[in-house]
Amino acid sequence: MARIEVDGIVFEAREGENLLQACLSQHLDLPYFCWHPSLGSVGACRQCAVIQYDDEEDERGRLVMACMTPVQEGARFSVDAPGAAGFRASVIEWLMENHPHDCPVCEEGGECHLQDMTVMSGHTTRRFHGRKKTWRNQDLGPFIGHEMNRCITCYRCTRFYHDYAGGKDLQAFGSRSRMYFGRTADGVLESEFAGNLVEVCPTGVFTDKPFSQSYSRKWDLGSAPSICPGCAVGCNISPGERFGRLKRIHNRYHGEVNGYFLCDRGRFGSHFVNAENRLRRCGVRVGDEEFQEIEGLEALAVLTDLAGGGNVVGIGSPRASIEDNFALMQLVGEDQFCAGFSSDEAVLNELIVDIYRSGAGRVPTPLEIENSDAVLVLGEDVLNSAPRLALSLRQSVRNESLRLAEGARIPLWQDAGVRGHAQGALSELFSLTVLPTGLDDIAAHVEHLPPEQIARHGHAIAQAVAGVGAEESASGRIAAALKSAKRPLIVSGTGCGDGEVMRAAAAVSSALRHAGSDPALLLTALEVNSLGATLLGGGLGLDEALKRLKNGAADNVIVLENDLYRRADPSLVDAALEASRRNGRVLVADLIETRTTANATHLIPVAAYAETLGTFVNLEGRAQRFYQVFEPRAPVTSAWQWLGEAGRAAGRNDMRWQHFDTVVETCASRPGLEALREVAPGADYRGAGGLRIPRETHRASGRTARNAHIDVHERKTPVDTESPFSFSMEGAQGGAVGSARSAVWAPGWNSNQSVFKFQDEVGGALIGGSSGIRLFEPAHGVPAPSYAMSQTSDEGEGFRLIPLHRIFGSDELSAMSPPVVERGGAAEVVLNRADAGRLGAREGDGIRCDLLSASAALRVDDAMAVGHAGLVVGETFGWLPRGRVVLSRDPDFRSSQELIARE
Amino acid sequence: MSEPAFIDVLSQAEIDAIEIEVAHLPDRPSAAIDALLIVQKHRGWVSDESLAAIARLLGMSAADLDSIATFYNLIYRKPVGRHVVMVCDSVSCYVMGGESLMMRIRRHLGIEPGETTEDGRYTLLPCVCLGACDRAPVIMVDDQLAGPLAESDVEDVLGAFE
Ligand code: SF4
Ligand code: SF4
Ligand code: FES
C-alpha cells in the first residue's frame, strides 16, 4: 500500500494502481469518461486531469491524467487546483460543442454520465455558436436505439463491444472530429452482450429500444433488488417499474456473479411480465368447455380441498422460487411432490449436486472464472445456456496478455498498453462441444463431437493428467496445459443432456487434484432455480408422477409454474391430464398460458418474479433473494401465498405461515437448506436511521397526480408486510447491507457509474459484502473422488437427439418477451450433410419427428456427427426422447416466415 | 456467415498483389492498408463490396477493415475524380494562409470540399496534415506536393492535371 495525498486528504492506495481508481475507491468525486472499471484506462478523453506535485516544495505541479498515473508512496495530487479544474471544464466545453441540446427528449437524461460530468466540471454556458455536426443513425435491431449526434467520442462502446466482448460488427469509423460509432451498415448488433452498451455509453447514443417505446425517467422508476430469471447464472438485476408495468432491466452490480454486465436475454427478456398471454384470472371449466372466470376465494376453496386429502400429486418447477416449490411440497406431502424436471434432467441436476459435494473441484464464482489461465469446456455451449459466463470465459483467455504485461512491467489497467504488448496472446481454452460455439474464436483447440465422444475424450484427458496415455495426442496436450496452469478451470453442464460428459469433467478435475493442483469446476444447469428445486428434492420423478395420474393411483394434480409438455413425453402428459380431468382436478397455477394451462380444469394466476419475493439458487449453489418490485393486480398473487392460505384453511398445522419469513424458516429446517435463513435480511430489517428502504427514488414525480384520472384522492400507499422495502419514496437506502438498496444514486452521480460509491473499492464487493449464500462450500481435505467411464451402447436405427440451446428462444419465459421474439430464431433441426442427403432433405426443408409430432426447418452443419440430430430447444422441442429416433423429411412443412408471408 | 463469395468481386491481379503483401507480414489482417491501396489503385476508390471482399480475403470483419479505411485520408470510400486535390487545414498551414488558399481553390473549381467537379476532373478534400509544414500552405494533387502555394499559383498548378 502507498500513502498518498489528494487535496490535503491522506489515504492509503494500492501501490501501482491508477490515481483515478484510487480516488474513486475513496469515494471522492473526480470526473472521467474513457475509463471504465472493467475496461481499464486509455487516457483518451482528458477528463480526469489532476495536478501532480513533485514534492512538498512544489507549488505549481503539473497536469497529469489520473487514470494514467500510478500511485506511489508519498505522491501528492490536487483535483481541485484551478489548473486542473479549469482544464477539465475546457475539455467538457469541447466535447459539448457538437452535443445536441436534447436532454429533455433524450432517454439518457436524468441518468447521464455526460450530464453529471458537465455539471461537476462547471461548464454551464455555451460559447460555441457554430453549426453542429449531425449524423444519420442506424437501425441496430430490436434491442438498441442509436442517436449518434450525442456521441462524445470516448470509445467506451467499442472498447466494451469489440475488445471486451469480442463483437465483430461495431466499430469506430473516421478520424479526428468526424468519428462515427456504429456498424458498416444498418443491421442487428450481433453480440449477445450488445445491451450493455446502454449502460457503458456515457451518453444517449445507445439506448434501450423497448424501454424508449414505453419510457419513464430513471427517477420515476420504482425498483427493488432482483435476480434475473433468464438462466442459472443468477445475475443481479434492477428491474424498473412505473404504473404497474415492468419498464426495463438494468444491471445490479454484484462483485462475484455478474460485475457490471448482463447478457441480452436477461436485459431484454423480462417483458414477459407485461405480456398479453399472462394468466391474470382464476378459471374453471367443465369438460371441454371454455374457462369461466371464478373468484379468488372459489379457486382457493378448490386448492384447500386438495390440501386436505392425500389423493393428489404436486408438480413444482425450476422456474419457481424455493419457497413456492416448498409451499407446494408441504401442501401435497414430500412423497407426492415432484420438482418438475424431466426425469432425465432431474438425474443430471442431481449429478451436479453430487459432484459439487464430492470435492472433485473447487466451485468458482461466475466472476472468478475470469482469473483462470487454462480452461477446458466439455460439452457445454455456454454462450447459449449460461450466457454471462461466456463473457467471463472471454476475459479468462486474456490472462496470458496480463502475464506478458506484468513481465514487461506494464500496469494491468493500462488497457492499450497491455493489448499492444501482448499482440493478441491468449491463454489456452480447449473447447469440446457438439457444434461450433461463440467461444471457438478464442479457443486454442476446438473439436466438435457428439456427447458420448466428448465424454470419452474427457476421460482420456483425465487419464493423461494421471499419467496414463499418449502425450502426443490432443488429450495429452490438453492434460499437460491444465496441469501446468496455475488456476485451471473445467466447465461442463447439463446442456447437451448427457451426464457422462459431466462425469468426465469431474474426472478431469479430480485427476488434477490428485496431481496436486487446485482446479475449479463449474457445472451449468439450465434454469434460474434448477439447483434450488433439486436441493429441495421431492419423492417423485416426473414420469412416475404422470403415470400415477394416468393409471388412477392419484386423481388430482397441482402443477406449479410448469408446462409439462416441455418436460415429458407429450403423449404421456396428455394421457395423465386426461385421466386426471376425468377422475379429479387438474389445477394449474402459473403466470403464463401454456399447453398445460390449456389442459387444466382449474387455473390460478401467480405472480411473476418481479411481483413477488423468493430465493433462487444459481449454478454455483448461491442462494439469492429477489424482492418484489411492484404489486401485481388482484387476483394475481404469489404462489407461496395461495398455497399457504390453502394449507391454513385446510387446518394444516405445518402450514401456519403468516409471512414469507416463516416460509423461509420452515423450509430451512430441511437438510442442506439451513443456510436459507441467512440469504438476505428479513422483513424486519431497516435501513439507515431505522427506516424502511424506499422502492421509489426521492425524486419520484406525480405522486398525487398519477392516479388522478381514476380518483382524485391520493392512493394510500400499500404496506409491505413481507420485506424491508416500502412502496413509496420515504425511507433510507442501504444501511448495513450493501445490497439492500433499490437504486444506485449519489449526489452528483445520477448515472449507474455511481455504483463506486457503494463498493468497498472500485470493482470490489458492495459495502457490507457480496450478497447471497453459497450452499456448497468447497469440500476441504476430502480425497478426490474417482469417476470412471461407464459403458453405453449406442447402436440402432435412427438418430440420437441432442438438445441445442439458444440464448434467444430456448428459455421459456424470455422467449415470450416481444423484443426477444423479434431477435430470436425459429426452431431448427441440425443434421450432417450426409444424413440430410439420406433423408432427401435440403437446407430449409422440414424435418419431422413423429414421436414428438413436431417439425422444424433443417440446417445443415457438417460439424454435427453422423447419426445425430441437434434439436433447438424451445416452443417446438422441449422434452427429447433418449435412444434413437426416426426422423423424416416433412413435405408439408412451412417455416414460420412462409406462414407469415402467406397471411 | 452465409454471404456469397465476395472474393469474386476482386480481380485475380488484385488478389495476387494483395497476397504478395500478405506473404511479408506476420498475419493476414496486417496487410489491410496495403490491400486497400491496391484495390484503390485498380478501381480509383474502395466500394462497400470491395471492402467486404478484402475483409474476407484477409480474414477480418468488414467493420474492423472499414474502421481502418475511414481513418485514413488517402483511402477513398466514395468515388473520386481523376485528380484528388488535398488541401491541408492543419495548424501550420492555417497560420500561413491555408484558409484563404482553400477559399481560392473552391472558387476556382466551383465546388465545396468533399465534392467532385462535374466533368469528373477534380475532387477537393480537406486534409489534416500532409507532413510538409516547411512548405505551408501546402496542397497535394494526386501524389504531388505543391507549396508554399500563393493563391495566384492555384490555376497553374491545378491546370497541369488533365
Ligand atoms: S457512442 Fe457513446 S460510448 Fe461510443 S464513443 Fe460515443 S459517447 Fe462514447
Ligand atoms: S446470463 Fe443468465 S442470469 Fe445473467 S443476464 Fe443472462 S439470462 Fe440473466
Ligand atoms: S478517464 Fe482519464 S483520460 Fe479519460
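Predicted model: local features only at pLDDT ≥ 70, side-chain atom pairs only at ≥ 80, totals over all residues.
## Around ligand 2

The shell has 14 residues, and the closest to ligand 2 are C228(A), G230(A), C235(A), G266(A) and R388(A). Which helices of chain A each supply at least two residues of this shell? They are α7 (264-268) and α12 (387-396).

## The sheet in chain B

Over in chain B, 4 strands line up as an open sheet, in the order β2-β1-β3-β4, with mixed pairing. At the edges sit β2 (122-127) and β4 (144-146) of chain B, each with pairing on one side only. On average, neighbouring strands in this sheet are turned by 25° against each other, direction ignored.

Zooming in on one pair, β1 (residues 83-88) and β3 (residues 139-141) of chain B run antiparallel and share 3 bridges. For V87(B), the bridge partner in β3(B) is I139(B).

There's a helix on this sheet too: α6 (residues 98-109) of chain B packs on it and touches β1 and β2 of chain B. The direction of α6 makes about 155° with that of β1(B).

## Where the chains meet

How many residues of chain A are in contact with chain B? The count is 11 residues of chain A, against 9 residues of chain B. On the chain A side of this contact, you get 3 nonpolar, 4 polar and 4 charged residues.

Technical notes: Residues numbered from 1 in each chain as written. Chains lettered and ligands numbered in written order. Contact = placed C-beta atoms within 7 Å. Nonpolar A, V, L, I, M, F, W, Y, C, P; charged D, E, K, R; others polar. Near = placed C-beta within 6 Å. Pairing = 2+ DSSP bridges. Axes fitted to C-alpha atoms, helices over the stretch in contact; angles between N-to-C directions.
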